[in-house]
Amino acid sequence: MDSFTDDAEFITCDSPVNIALIKYWGKRNEKLILPLNSSISVTLSQDELRARTTVAVSRNFKEDKMWLNGREQSMKNARLQSVISNIKRLCRKRKSDNDQVNDKLQWKLHICSENNFPTAAGLASSAAGYACLVYALSKLYGVDGDLSKIARMGSGSACRSIYGGFVIWNKGEAEGGEDSKAEQIVSETHWPDLRVLILVVSDQTKHTGSTVGMQASVETSQLLQQRLQGVPKQLEKIKCAIQNKDFHSFAEITMRDSNQLHAVCMDTYPPVSYLTDISHHIIQLVHAINQDNNSNMVAYSFDAGPNAFLFLQEKDVPTVIDILHYFYPSSDPNFIRGLQVPAKRDVHVSAGNQVDYTVFSDLKVIPRALKFIIHTQPGPGPTVKDSDCGLLTKDGFPLNLNNANGKI
Ligand code: 2P0
């Protein structure tokens, strides 16, 4: 953190991605971003996936400005404006007698944000991005308290990235959204041997954004209405599986909820389709592995895109990686990224020291089906970084500008 001078202040923060186990799909209030159901997620380690944001205020800045991944963005964005005005409102409420803070509130703001993962991978970045912005602004203006409600105003799923470990976003009942906020269920240290493999699928197609997709589901899907009746029970069941580190149940609840989300998407009219043939192949492979193991060894979850998030225990990582290498061969020496794959301790699939692929005889080998795999684990919530991690020069402009054409 840079110290406050009379002229400027800079803050840099990092924030994590989260992946929902019980999905958020559908709003009861579009403007306030209030969901129809509560959701549960796991926050992922920032070593592999994170947003970084530097925010700065200065009496010398001429106008509010924002850059995302090196490209300037319009400040005329209702959600962005809502996040900034809500943080400033909290600040005014708490610090109205402090002249220095009042000055800062008048000064123009520069925001610069970057992800440490390729945008081309199609991994959700808005959750990490808005959580990071809210966290950084809260430090800049000296606001504490519940930030998840403000992050929610940027993007619904962002409210869950305010906390590490396993997180519930309670949908709340209040019309104004006062009780629609996230809370931690258990921290990232609760289930130390849980691992996540993100299978980044080679896919060029453009997908319907979540905001639009879920709105269409609310308007047209009867299955969504039925899903909403069942979600409270699933939330209780998965909370219990998480508390007890019961992987078998955790896996089944996670896979069923992902399948239900995509069934709702197909029940939307016209249908919204996020899963590709490769996604379906991964689903079949996971069920074949689990069946052969006589208990769940791996679980999948898919968001609004074709990439698979696989959950498994550390002891099973080498076996599952071997199987993935076999079915999705790649010549990329950097195919597996992130955490080191542990050495094999014992054999879980079929007899012998080698995986017996004949038990998966129905499944084809698909070369280059995946771009790469990220091996990661649950992680903590947002953090403040040292000033040498900052993304802005001392004059308040991006250190890294991306001048290429096209929009991110
Ligand atoms: C989730 N997703 O729970 C679900 C599962 C995608 C599938 O939350 O309109 O980008 O900004 O509130 O948060 C993605 O939706 O939508 C999402 P908005 P958001 O993670």
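**View 1. Lining of the largest cavity.** The lining of the largest cavity divides into eight nonpolar residues, no polar and no charged ones (nonpolar: Ala, Val, Leu, Ile, Met, Phe, Trp, Tyr, Cys and Pro; charged: Asp, Glu, Lys and Arg; polar: the others, Gly among them). This is a predicted model, in which local features need pLDDT of at least 70 and side-chain atom pairs pLDDT 80 or more, while totals for chains, interfaces and linings use all residues. Residues are numbered from 1 along each chain as its sequence is written, and side-chain values use heavy atoms, without hydrogens and water. One cavity of 30 Å³ or more is present in the structure, and the volume of the largest cavity is about 30 Å³. A cavity is a set of points on a 1 Å grid over the protein atoms alone where a 1.4 Å probe fits but cannot get out; a pocket is an open set with protein on both sides within 12 Å along at least five of seven lines, and lining residues have an atom within 4 Å of a point. The lining consists of Ile-282, Leu-285, Val-286, Ile-289, Val-298, Leu-310, Val-320 and Leu-324. Two or more of these residues come from each of α8 (277-293) and α9 (317-327). The most, four residues, come from α8.

**View 2. Shell around the ligand.** The ligand is surrounded by 18 residues, with Tyr-24, Lys-27, Arg-79, Ser-157 and Arg-160 the closest (a heavy atom within 4 Å). Seven residues of this shell are nonpolar, six are polar and five are charged. Helix α5 (residues 210-220) contributes the most to the shell, with three residues (helices, H or I, have at least four residues and strands, E, at least two, as DSSP runs numbered from the N terminus). The ligand lies between domain 1 (9-188 + 382-389) and domain 2 (194-376), because both give residues to its shell.

View 3. In the side chain of Arg-79, an N or O atom is 2.6 Å from an oxygen atom of the ligand. For Lys-27, a side-chain N or O atom is 2.7 Å from a ligand oxygen atom. Arg-160 has a polar side-chain atom 2.7 Å from an oxygen atom of the ligand. On its own the ligand has 460 Å² of accessible area, of which the protein covers 93% (Shrake-Rupley method, 1.4 Å probe).

**View 4. Second largest pocket.** The second largest pocket holds about 310 Å³ of space. Its lining has 14 residues, and those nearest the centre are Asn-86, Arg-89, Leu-90, Lys-149 and Ile-150. Helices α1 (78-95) and α4 (148-154) are the elements that supply two or more lining residues. Of the two, α1 gives the most, with five residues. By class, this lining has seven charged, four nonpolar and three polar residues.

**View 5. Backbone at Pro-270 and Asn-69.** A cis peptide bond joins Tyr-269 to Pro-270, with omega near -5°. Pro-270 is in the loop between α7 (247-267) and α8. At Asn-69, a residue other than glycine, phi is positive, near 50°. The loop between β7 (65-68) and β8 (71-73) contains Asn-69.

Notes:
A polar contact is a pair of N or O atoms within 3.5 Å; within protein, one must be able to donate a hydrogen and the other to accept it, and residues adjacent in sequence count only if both atoms are side-chain atoms. Domain bounds come from an automatic or database domain assignment. Grid points are joined across faces, edges and corners, and a volume is the space filled by probe spheres set on the points.
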